[in-house]
Structure formats: C-alpha cells, structure tokens
Amino acid sequence: MGVIKDIRKIISTSKDGSLFFNSSFQQFDDEYIRHVLSDLCEEGLITRISYGIYVKPMRSKFGIVYPPVGDIVKAIAKRDRAKILPTGNTAMNMLGLSTQVPMNSEYITSGSAREIKLGNRSIRLKRSVPKNFEYKGELMPILVQAMKAIGKDNLTDEHVGIIRKLLKEHPEDNTWQDDVQLAPAWIRKIVTTLKKEIENEQMD
C-alpha cells in the first residue's frame with residue numbers, strides 16, 4: 001500500500017498533462033508498477049494513451065485534452081533513448097511548407113515502431129535507417145524529410161521561396177558542410193544553390 005500511496009502522490013501533485021511510463025518509477029518493480037498504473041487508470045487518475053504510456057488528463061467540456069504531440073514524442077524519445085524526426089506532412093507543416101495540419105502525425109525513429117491513438121488523431125513512429133539521424137544541425141534533417149515528402153517533381157516556386165527563407169534565417173554554418181553531404185543528391189543541389197545565392201547577397 002505504501003508504494004501505491006507514493007505513486008498516487010507523485011501523480012496527484014504533477015501538472016495536468018504530465019506523461020508517465022512504467023520507467024518513470026524505476027525505484028519500484030516494473031511488473032508491479034504496471035498493475036498499479038492500470039488500477040489508477042480505472043480510478044480515473046490517469047489515462048492510458050498507448051501501451052506503457054499514461055497521461056494525467058487535462059479535461060474540458062469536450063472531454064480529455066491530450067498534451068501536444070511534440071511533448072509526447074519527446075517523452076518517448078527520452079524514455080527509449082531514441083532519436084525521432086518529423087517526416088511526411090508533419091515535417092512539411094512544421095517548416096511552413098504546407099498549411100495543412102495533419103490528423104496523423106508522422107515521425108521516423110531510431111527506436112521501436114508504434115502507433116499511438118489520441119482520440120481521432122494518431123502519432124505514427126516508423127523505424128528508419130541510422131543515416132537519417134546523423135545530421136548535426138536542427139534544420140537540415142527536418143528539411144530533408146519535408147522535401148522528400150514533397151518530391152522533386154512537385155517542388156514549386158513557393159516551396160523554394162520558403163526553403164530559401166529557412167536557410168537564410170537558420171544558416172547553421174557550423175554544421176552545414178557535414179549535413180549537406182548527407183542529403184539526397186537532388187536536395188543537396190537545390191539547397192546548395194540557395195545557400196550560395198544567400199551568401200552572395202550578403203556580400204553585396
């Protein structure tokens with residue numbers, strides 16, 4: 001009973017929207033924690049959003065309000081000691097290359113693949129090759145995923161203008177040379193041309 005009391009206190013005093021995993025309580029036996037958290041779900045203190053992932057729910061008149069997708073993904077990455085990157089429409093929307101907010105958030109991960117349901121929305125984590133996580137900067141890995149989702153033949157002048165603006169605002173000069181070599185050839189050609197244009201402008 002002491003363990004249950006301790007866990008209930010930890011959860012009760014946490015902020016609404018806080019995420020919990022079995023590993024959040026490493027001082028206790030994992031299998032026992034699984035049963036305790038399951039019981040606390042039945043009590044309504046927490047809600048299970050996926051296997052081994054729980055949230056202290058924020059409630060509104062419309063029902064449970066889940067934490068932002070980014071917070072959930074970061075928590076999973078930290079727990080799994082994995083690297084995670086937005087891909088597909090999620091990466092495009094994040095960089096302003098698409099105004100469409102995807103119902104299903106897409107990410108690639110160096111950890112385990114999974115799908116997490118959040119009401120009528122979902123988070124999809126797809127395991128990917130190590131090369132996608134070798135980038136040193138913050139912009140380039142997401143930009144590469146976004147451009148791959150758009151496709152070489154579907155890239156518009158508007159897309160190119162947005163990419164140019166991103167490269168200008170986030171030059172990442174210290175990591176550029178390493179990161180651009182990791183990009184697919186057609187992406188490398190486009191961003192290198194844009195980078196040179198920006199540098200020439202700044203020299204004038």
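Is the crossing of helix 5 and helix 8 left-handed or right-handed? The crossing is right-handed, meaning that the near helix is turned clockwise from the far one by less than a right angle.

Before the rest, the basis. This is a predicted model, where local features need pLDDT of at least 70 and side-chain atom pairs count only at pLDDT 80 or more, while totals for chains, interfaces and linings use all residues. Residues are numbered from 1 along each chain as its sequence is written, and side-chain values use heavy atoms, with hydrogens and water left out.

Helices here are DSSP runs (H or I, at least four residues), numbered from the N terminus. Helix 5, residues 139-150, packs on helix 8, residues 185-203, at about 115 degrees, with the axes 11 Å apart. The axes are lines fitted to C-alpha atoms over the stretch in contact, and the angle, on a scale from 0 to 180 degrees, is between N-to-C directions. That makes the pair roughly perpendicular, a label covering 65 to 115 degrees.

Now the residues. From helix 5, L143, V144, M147 and K148 meet W186, I187, I190 and V191 of helix 8; contact means heavy atoms within 4.5 Å.

L143 also has contacts with L95, L97, I163, L167 and V191, leaving aside neighbours within four places in sequence. These residues and L143 touch the most other members of the largest nonpolar core, which has 28 residues. Such a core is a set of buried (under 20% relative accessible area, 1.4 Å probe, protein chains only) Ala, Val, Leu, Ile, Met, Phe, Trp, Tyr and Cys residues joined through side-chain atoms within 4.5 Å. Helix 5 gives the most to this core, with eight residues.

Methods
Helices (H or I, at least four residues) and strands (E, at least two) are DSSP runs, numbered from the N terminus. Angles under 35 degrees count as roughly parallel, over 145 as roughly antiparallel, 65 to 115 as roughly perpendicular and the rest as oblique. Buried means under 20% relative accessible area, exposed over 50%, partly exposed in between (1.4 Å probe, protein chains only).
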